[in-house]
Amino acid sequence: MKTRMLHALSGIPRTYCPKLFSVAGLLVIAMVCVGSGYAQQRLSKRYPVSKNVRIELKNVSGTIKVESWNRDEIKLTADFESSKDSVTPRQSKDELVIDVMSDNRGRADVGDINFWLYVPINSSVDLQTKRGNITVNNIRGELVSAHVTLEGDIELTGINAAKVNAQNTIGDVFFDGEFSSGGMYRFQSGKGAINIRIPADSAFNLEASANNKQIMIGPFWNSNFKSMGDGRKYVGDVVDGRSKVIVTTFQGSITFIRR
């Protein structure tokens, strides 16, 4: 009696209920299967390391994001576009190496692999990918290097390293950090804007080159600068030139911003 009343109230004939329950069951199973498949395409590991560890990451395609934290360990997460791809990180005493090219040697169809790393603040990072954006935040180690061989933006923020290298072919480059005394800093883009944001009291020797003459030194301009190539290159010291800064773009602009 109660069952007949329930069907009457719901407006659904009793003969349709088994079919509805069957469809619902299939949907639940499908959702579980999809979730399981996604879980199999994620790598998540932690590595105990020293405070001055070096991280080398060579990707083929996909984003790379690195951020510091106050722990003597590296947290690595990688999401794979294809379950056929593999990554086997190799750890030594003061180094962690992730080489997607080597781990998938002989394969031409390696898909996107997106990396997220949390590392000690005094780490050195050397990051490469053929295609994809690279982001590094709050690193104060000896080296910060980001290289995109084909296309992708590079964003380096909160950086205080003795050596910085940011290079891409197509894409923008943004640096927000400090120049250390005696440090070496190179920024290069084949086709993209390069923006450098530094403290007002920064001291450095600058070589800035842009084929289209779009070089804006802004608040750091002074009478020491010399123009070469009809405005395509500027060379000069800011204060006493304690660090070396080389900035080059072939099809883009160069802009210095005072923090």
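The following legends describe close-up views of a predicted model.

In this predicted model, local features need pLDDT of at least 70 and side-chain atom pairs count only at pLDDT 80 or more, whereas totals for chains, interfaces and linings use all residues. Residues are numbered from 1 along each chain as its sequence is written, and side-chain values use heavy atoms, with hydrogens and water left out.

**Figure 1. Overview of the chain and its secondary structure.** The chain has three helices and 21 strands; helices (H or I, at least four residues) and strands (E, at least two) are DSSP runs, numbered from the N terminus. Of the 259 residues, 42% are buried, a term that denotes under 20% relative accessible area, with exposed over 50% and partly exposed in between (1.4 Å probe, protein chains only). Among contacts between residues at least 6 apart in sequence, 54% join residues at least 24 apart, where contact means heavy atoms within 4.5 Å.

**Figure 2. The open sheet of eleven strands.** Pairing in this sheet is mixed, and the strand order is β5-β6-β2-β8-β10-β12-β14-β20-β16-β19-β18. Two strands pair if DSSP finds at least two bridges between them. The edge strands, β5 (90-92) and β18 (226-228), each pair on one side only. From one strand to the next, the twist averages 10°; axes are lines fitted to C-alpha atoms, for helices over the stretch in contact, and angles run from 0 to 180 degrees between N-to-C directions. Three bridges join β18 to strand β19 (residues 233-238) in the antiparallel sense, and Met228 has Lys233 of β19 as its bridge partner.

**Figure 3. Strand β7 and its pairing with β3 and β4.** Strand β3 (residues 64-69) pairs with strand β7 (residues 113-120) in the parallel sense over six bridges; here Ile64 is the bridge partner of Phe115. Strand β4 (residues 73-80) runs antiparallel to β7, and six bridges join the two. Lys75 has Tyr118 of β7 as its bridge partner.

Figure 4. The structure holds ten aromatic pairs; rings of Phe, Tyr and Trp (its six-membered ring) pair if their centres lie within 6.5 Å, with planes under 30 degrees apart counted as stacked, over 60 as edge-to-face and the rest as tilted. The ring centres of Phe175 and Phe187 are 5.2 Å apart and the planes stand at 55°, so this pair is tilted. Because Phe175 lies in strand β13 (residues 173-177) and Phe187 in strand β14 (residues 184-191), the pair ties together parts that are twelve residues apart in sequence. Phe175 is buried at 0% relative accessibility, and Phe187 is buried at 1%. Phe179 and Phe204 form an edge-to-face pair, 5.4 Å centre to centre with 75° between the planes. Phe179 lies in the loop between β13 and β14 and Phe204 in strand β16 (residues 204-210), so this pair ties together parts that are 25 residues apart in sequence. Both Phe179 and Phe204 are buried. One aromatic cluster is formed by Phe175, Phe179, Tyr185, Phe187, Phe204, Phe220 and Phe256.

**Figure 5. The surroundings of Ser61.** Ser61 lies in the loop between β2 (54-58) and β3. With a relative accessible area of 14%, Ser61 is buried. Leaving aside its neighbours within four places in sequence, Ser61 is in contact with Gly111, Asp112, Ile113, Thr129 and Arg131.
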